[in-house]
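Colleague: I have a new model on the screen. Can you walk me through how to read it?

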Amino acid sequence: MPGPSDPGFDTLSLHAGAAPDPTTGARATPIHLTTSFVFESSEHAASLFNMERAGHVYSRISNPTTAVFEERVAALEGGVGAIATASGQAALHLAVATIAGAGAHIVASAALYGGSHNLLAYTLARFGIETTFVKPRDIDGWRAAIRPNTKLLFGESLGNPGLDVLDIPRVSAIAHDAGVPLLVDATFTTPWLQQPFKLGADLVFHSATKFLSGHGTVVGGVLVDSGRFDWDRSGRFPELSAPYAGFHDMVFTEESTVGAFLLRARREGLRDFGACMSPHTAWLILQGIETLPLRMERHVANARKVVAYLAAHPMVAQVGYPELESHPDHALAKTLLPRGCGSVFSFDLRGSRAQGVAFIEALQLFSHLANVGDCRSLVIHPASTTHFRMNDAALAAAGIGPGTIRLSIGLEDADDLIADLKTALKAAERAAA
Amino acid sequence: MKFEVQGRTAYAYTGGKAWADGERCVVFIHGALNDHSVWTLLARWYAHHGYRVLAVDQPGHGRSDGPPLASVEALADWVLALLDAAGVASAHLAGHSMGSLIALEVAARAPTRVAGLVMVGTAYPMKVSDALLNTARDDPARAIAMVTAFSHSGIASKPSYPGPGAWLHGGSSALMHRIQDIGAGNLFEHDFRVCDAYANGLEAAARVQCPAHLILGTRDAMTPAKATKELASVLRATVARVASGHALMQEAPDAVLNAMRQAIPA
């Protein structure tokens, strides 16, 4: 039957979590640049500290501006809440540290952002958390890698660098069969292209630095909980289902049936690790989220035009974009990403590393830098930058060729972007020695 | 805290403090397709201000064994049995929505055991439209989406619940899905039919002897404040109005606490 529903995505992008300021009448969300908040009385103070009342105490734990950002992202993802963090890396760390400690095990996709791979493969290993990496398309591999001490399955909605489409319904089913949650890095897709919770994921994080902000001005992250994973029933998570000595023996799953994860992440993770977001950063990202639906639509439209141009160019060996039939996840993308596959992708230039360098240096409109998801178009040549220490064989093992170029398509006129690429491709052709 | 009630395990949250002997007790009773976690802020506050607290999970909800009980009257008897099991001679009762009808019926059945009655987000009769009942029967997920939208008066309630950063609509929806998925049949339809079928409200109200208080949301679309006039009159209840939809404890936790403190002083 027809009936009331929550507001739509575009409305939530503008309004979720925010209302005119009750004190000043300010329509836009104010920036509450304050470290702390005055108590009404000693009793009020004690009740805030003891979680008898909701409210703000200290901006490392929560802040009114940051809370608007958190609630807005949670609304867009369809979660129960969110925690803003200092960066996307901090969000990943917070997710892991909330439910895993020394002796724990993670199963992760091998197709990850380099920073995430470093954290899992090297840094967390130093703290006793081991990770098994599996190819994201190897569904049996995900299942086989799970151990009795596995706490988390983790992948990217669109993997690095080949845009492997994570089969969230199947991987989450494997995770749930084992009593383990699935965490998805949804940075490349944003909730406008895909809402991982609807597909079965349990936790989502973003590098909000990228499309959520969209302006390339701030670094931030956000971790969202679906509230759907039953931590008690799993039996693998005493961190949430047993008394926690660090907060008066609180049992988080008793305190909040669907918000236990976020309670511990905030009450322990932000309190003790402290990787919080500045309210000024939250405000800037909120400005970006207000136009997220409009920007993502344009990002995808521009990316499709650029992909079509490159795919037909004789200097281009292949374009790794899941909307192309040549991509191994083409069929999956049509199902899981019907609105599009984002605007970050790689292509392989025919020729040498030197030609790749010539291509990059000839570009005028694309900015050569190490970021993605900006409103401006960006480019990087991994073989001469992020992976420059690797020889050609090692690059191949990582799925990167000497001529692999990664683009992040922005919001400029697509014709101007194509003209810039055309000039650079000619330069690369001329650089063939 | 778990108790043996009517031959089955019953769970009650005790507000973050160990269950112990004491004179004063508050019992919190949740509404349809909810559990104790809708009360945790209030329960913690009273537990740390001189009261013993029992925020129950009704049979078949949350951590209490099923099956769910078929009527408000049966649930009232279950609450009384829980008080017996917990060794509570007398308690203040606070109920939300469907839970408020249960509290009312308990106060009528055992007047000497109820020190005060607080009905939050209530109405009598608590009729549920055929359209919603049918949707609950045929498409519970759609019904949950409808009730989530019906129950909230806005999309920016502060300071949020259980704290900043929580998205109330998502929390409400996730909790209802969790309770529905417990597997005790179609609990959503069951609970709504229990509300719809309760016909003893005014007779019960006439038998209540303790002070009664209504806390109503001014923007409540599920149980509109205007639907309480006769009930309030028979109960001779005080009425506190809070700027909120039906999810009062989530949308206006401080205002509900302030109103509760008028009804149940620390």
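Modeller: Start with strand pairing: two strands pair if DSSP finds at least two bridges between them. Helices (H or I, at least four residues) and strands (E, at least two) are DSSP runs, numbered from the N terminus. This is a predicted model: local features need pLDDT of at least 70, side-chain atom pairs count only at pLDDT 80 or more, and totals for chains, interfaces and linings use all residues. Residues are numbered from 1 along each chain as its sequence is written, while chains are lettered from A and ligands numbered from 1 in the order in which they are written.

Colleague: Which residue stands opposite Val107(A) in strand 4 of chain A?

Modeller: Leu153(A) does. Strand 2 (residues 105-109) of chain A runs parallel to strand 4 there, over four bridges. Strand 4 also pairs in the parallel sense with strand 5 (residues 182-185) of chain A, again over four bridges. In strand 5 of chain A, Leu182(A) is the bridge partner of Leu153(A).

Colleague: Is strand 4 of chain A mostly covered or uncovered?

Modeller: A residue is buried if 20 or more other C-beta atoms lie within 10 Å of its own, exposed if 12 or fewer, and partly exposed in between; C-beta atoms are placed from the backbone. Strand 4 (residues 150-156) of chain A is mostly covered, with seven of its seven residues buried.

Colleague: Why is Pro125(B) partly exposed?

Modeller: Because it has 16 other C-beta atoms within 10 Å. Pro125(B) sits in the loop between strand 6 (114-120) and helix 4 of chain B.
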